[in-house]
Amino acid sequence: MNYYGIRAIYRFEMARMGRTLMQSVASPVISTCLYFVVFGSAIGSRMGDIDNISYGAYIIPGLVMLSLLMQSISNASFGIYMPKFSGTIYEVLSAPVSYVEVVIGYVGAAATKSVILGLIILATARLFVDYDVLHPFWMFSFLVLTSVTFSLFGFIIGIWADGFEKLQIVPMMIVTPLVFLGGTFYSIDMLPEVWQTISLFNPVVYLISGFRWAFYGVADVHVGISAGMTLMFLTACMVTIWWIFRTGYRLRS
Amino acid sequence: MQPDISVKHLNKVYADGFQALKDINLDITRGEIFALLGPNGAGKTTLISIICGIVNKSSGEVKAAGHDIVKEYRKARETIGLVPQELNTDSFETVWNAVSFSRGLFGKPANPAHIEKVLKDLSLWDKRNNRIMALSGGMKRRVMIAKALSHEPRILFLDEPTAGVDVELRRDMWEMVRKLREDGVTIILTTHYIEEAEEMADRIGVIRQGEIILVEDKDRLMSKLGKKELRLQLQQPLSKVPGELVLEPVELSDDGYELIYTFDSQQEQAGVARLLRTLGDIGIEYRDLRTRESSLEEIFVGLVHE
């Protein structure tokens, strides 16, 4: 195992976060604060409780998940896309590092940034809304698992993308709608039956539901199913990355 | 002695069907400077990229420092440093961080003393805290070399290292390459500047359309394939080559004031004596004469256009 290689990639990526604090941390925190102000405090104060949880508190897990997903994808995809774009990828490809080590370095750094961001958002939410965390261990586990899974997904996007537009398409056109329709602002029980069924095909429903369960002990779907679906997606991402490195797809000709 | 680079029956066919390399066989020995010459698109960069692990081979076997580049890729790659053709740098990083990153990536623990030595050798020490984006093209090229040397490789690939750099920097780099060779580093160089190969290389390989058409010791190559010229400055101009010399390889230039006699550099110089005797016999006087050997560039052009 090339530990120095992993550490070099990891530290390099974390240093990039340090250089882009406004974009990496401040921007998503401010966006999420605006959601708390508008939906939590302003509109939320006029809405009834859901599952005996105040609306402001109810949307916290979903909003954290929104930032977590977007930032995990963005960090990891940008992390591997930039060396491809600038041509410095030659160094990683010619170094004595295995693809597992490359993935640990890039995805590990992206996931770390996301976890830090998630925790900052949770701390910031305290300024606007009172909330409890019923199962802190599971809350943190979901936070880490989701960050890792979607950082892997972002890594795949970064390798697939051959332009900055493609880098943005998946997060903006697919992930954002899935998060908004995945129960961030409502319980899927509140939807008509047919939409409840359709919602179950949205993988983000399981993430938000499991995460919300860790906070309040209430969920749209059983927490075991949530964890299972997340692990399934994690496995799918890992298999895709294995295939990418085996074939050299968009990395080695 | 085991070669530092061993390439056997190497082929590369790209996905679009283009065959970039055709049955390449090449051994490069420890501590030599090997110059790989060839026109654009001949396959130089593809060959280097395969050895360094950037491009997959289609078939054949490649070993670096005795290690198979696929089965023992870690051991093989640890020994290699690469300076690519393009100036691909992490623009936002400082010189120090970028070079330290390369060392870590290649599996070596931090060694600030070594990084300091490399930066000083390359006149980059004063720029160590500068962002790479703020450096000139020549300085960026030095950073690329520093990155390649950061993990103390025993084999160094320089793919067009002096492309677009000024004469002074080019001379500095030649000096650096010589020092590295003295330290036992094997250097494989591709270049468009034949003068560079002529100046530095121990051996020359010529690649054309994906095939190695020649590998030869530089001095032997120049004496084997080189031509010599005898140029005579005449007292009186000639309108045509005299009949007594039509069977000799002579031609006129400079409005008939110069007579050029071309001969193989390995050939005995009896032809020169015969020519001078004949000129005396027919009363052609000359005021000066000089000889010159053909350059590697002329040999190279002759080879790739055969």
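Student: How many helices and strands does chain A have?
Tutor: Chain A comes to 11 helices and 0 strands. Helices (H or I, at least four residues) and strands (E, at least two) are DSSP runs, numbered from the N terminus. A heads-up: this is a predicted model, where local features need pLDDT of at least 70, side-chain atom pairs count only at pLDDT 80 or more, and totals for chains, interfaces and linings use all residues. Residues are numbered from 1 along each chain as its sequence is written, chains are lettered from A and ligands numbered from 1 in the order in which they are written, and side-chain values use heavy atoms, leaving out hydrogens and water.

Student: OK, what does the C-alpha trace of chain A span?
Tutor: About 60 × 35 × 35 Å along its principal axes.

Student: And how much of chain A is buried?
Tutor: Of its 253 residues, 54% count as buried, meaning under 20% relative accessible area with a 1.4 Å probe, protein chains only.

Student: Switching to helix H1, how long is that one?
Tutor: Helix H1 of chain A covers residues 3-19, and its end C-alphas are 24 Å apart, close to the 24 Å expected (1.5 Å times one less than its number of residues).

Student: Which residues of H1(A) are buried?
Tutor: Among them are A:Ile6, A:Phe12 and A:Met17, plus the charged-type names A:Glu13 and A:Arg16.

Student: What do the buried ones pack against?
Tutor: In chain A, helices H2 (21-42), H4 (60-86) and H6 (99-125), together with helix H3 (95-105) of chain B. Contact here means heavy atoms within 4.5 Å.

Technical notes: Buried means under 20% relative accessible area, exposed over 50%, partly exposed in between (1.4 Å probe, protein chains only).
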